[in-house]
Amino acid sequence: TCEAVCLKRTVTNLDVPIRDLILVYCDKMSNIHLARNIIFHAWIKHIEVHYHFNIRKHVLARYVDLQHINTHLQTTDIFTKALGVDKLR
C-alpha cells in the first residue's frame with residue numbers, strides 16, 4: 001500500500017494527474033473490515049501495529065480502496081503458495 005501511494009505521488013509530481021483510488025485486492029473480508037473500522041480492537045494484537053495503522057490511514061484518506069477478491073482468483077498466489085498442476089496452468 002505504501003509503495004503504491006508513493007508511486008502515485010511520484011507520477012502526480014510529474015504532472016500526470018491520477019484521480020482514481022488505488023485498488024488493493026484482498027481475499028479476507030476480516031482484513032478489509034479492520035482497515036475500515038476506526039476502533040482498534042485488543043484481539044488484533046498479532047498484527048504488526050505500524051502496518052495496520054499505515055493501511056488504515058491510507059484507506060481513511062481515500063488514497064486506497066480495499067476490494068474483496070475470491071481466493072481462487074488471487075493471481076499472486078503463484079508466487080507465494082505451492083500450486084497443483086491444474087491451477088498453475
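**Burial, packing and side-chain contacts in the predicted model**

Thr 71 is partly exposed, with a relative accessible area of 31% (buried denotes under 20% relative accessible area, exposed over 50%, and partly exposed the range in between, for a 1.4 Å probe and protein chains only). The structure is a predicted model, in which local features need pLDDT of at least 70 and side-chain atom pairs count only at pLDDT 80 or more, whereas totals for chains, interfaces and linings use all residues. Residues are numbered from 1 along each chain as its sequence is written, and side-chain values use heavy atoms, with hydrogens and water left out.

Thr 71 is located in the loop between β2 and α4 (77-80); helices (H or I, at least four residues) and strands (E, at least two) are DSSP runs, numbered from the N terminus. A separation of 8.5 Å is found between the C-alpha atoms of Thr 71 and Cys 26, which stand 45 residues apart along the chain. Cys 26 is buried, at a relative accessible area of 15%, while Cys 6 is partly exposed at 47%. Zero disulfides (pairs of cysteine sulfur atoms within 2.5 Å) were found in a search of the whole structure.

With residues up to four places away in sequence excluded, Ile 22 is in contact (heavy atoms within 4.5 Å) with Ala 4, Val 5, Lys 8, Tyr 63, Val 64 and Asp 65.

Asp 65 belongs to strand β2 (residues 64-68) and counts as buried because its relative accessibility is 18%. Its side chain forms a polar contact of 2.5 Å with the side chain of Gln 67; such a contact is a pair of N or O atoms within 3.5 Å, where, within protein, one must be able to donate a hydrogen and the other to accept it, and residues adjacent in sequence count only if both atoms are side-chain atoms.

His 58, in helix α3 (residues 49-60), is buried at 5% relative accessible area. Beyond residues up to four places away in sequence, His 58 touches Thr 1, Cys 2, Val 5, Arg 9, Tyr 63 and Val 64. The charged end of Arg 9 sits over the ring of Tyr 63, at 5.3 Å from the ring centre (the criterion being NZ of Lys or CZ of Arg within 6 Å of the ring centre and within 35 degrees of the ring normal).
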